[in-house]
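Here is a short report on the packing of one chain.

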Amino acid sequence: MSVPHTKRICQIIKLKPSAVDEYKAIHSAVWPGVLAALERAHIVDYSINYYPPLQLLIATMKYTGQDYESDMKLVAEDPETQKWWAVTDGMQESFVEGAQGSGKDIPWWKELEEVFRFEG
């Protein structure tokens, strides 16, 4: 069951066909500093799934902090996360018009609207 102030997030981006193996490989051993930045920003239960027919990456996560925008800004300012994005952004194609990369003013990943939730 979700904590009352938990924000659930779902995002998508296109994975370049030439980068599938490399993307999977780098995500099999995410850099500890990147994971630490996410943890400091109150991101939990984070996963990325891949749907090959549409070359689609689907990320889901929960945010348990109090100020999402400020915490995401801290992630974007983290030097190791910036280095990670310098590697991974080149493997992706954004669905967001005008997006130039992760951590910029225009989001790189497209955030999706939640239309149903069952917490059973």
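## Nonpolar core

The largest nonpolar core has 25 residues. Such a core is a set of buried Ala, Val, Leu, Ile, Met, Phe, Trp, Tyr and Cys residues joined through side-chain atoms within 4.5 Å. Buried means under 20% relative accessible area, with a 1.4 Å probe and protein chains only. Leu15, Tyr23, Ile43, Leu57 and Trp109 have the most contacts inside this core.

Two or more residues come from each of S1 (7–15), H1 (20–27), H2 (32–40), S3 (56–63), H3 (68–77) and H4 (79–88). S3 gives the most, with 4 residues. Helices (H or I, at least four residues) and strands (E, at least two) are DSSP runs, numbered from the N terminus.

Leu15 touches Val20, Tyr23, Tyr50, Gln55, Leu57 and Met91, leaving out residues up to four places away in sequence. Contact means heavy atoms within 4.5 Å.

## Model basis

This is a predicted model: local features need pLDDT of at least 70, side-chain atom pairs count only at pLDDT 80 or more, and totals for chains, interfaces and linings use all residues. Residues are numbered from 1 along each chain as its sequence is written, and side-chain values use heavy atoms, without hydrogens and water.

Asp71 sits in H3. Asp71 is buried yet has no salt bridge (a side-chain nitrogen of Lys or Arg within 4 Å of a carboxyl oxygen of Asp or Glu). The nearest side chain of opposite charge, Arg40, is 8.9 Å away. Lys and Arg count as positive, Asp and Glu as negative; His and the chain ends are not counted.

Beyond four places in sequence, Asp71 touches Ala41, His42, Tyr63 and Gly65.

## H3 against H4

H3 and H4 pack at about 75°, axes 5 Å apart. That makes H3 roughly perpendicular to H4 (65 to 115 degrees). Val75, Ala76 and Glu77 of H3 meet Pro79, Thr81, Gln82 and Trp85 of H4. Axes are lines fitted to C-alpha atoms, for helices over the stretch in contact; angles run from 0 to 180 degrees between N-to-C directions.

Conventions:
Buried < 20%, exposed > 50% of the residue type's maximum accessible area, 1.4 Å probe, protein only. Parallel < 35°, antiparallel > 145°, perpendicular 65-115°, else oblique.
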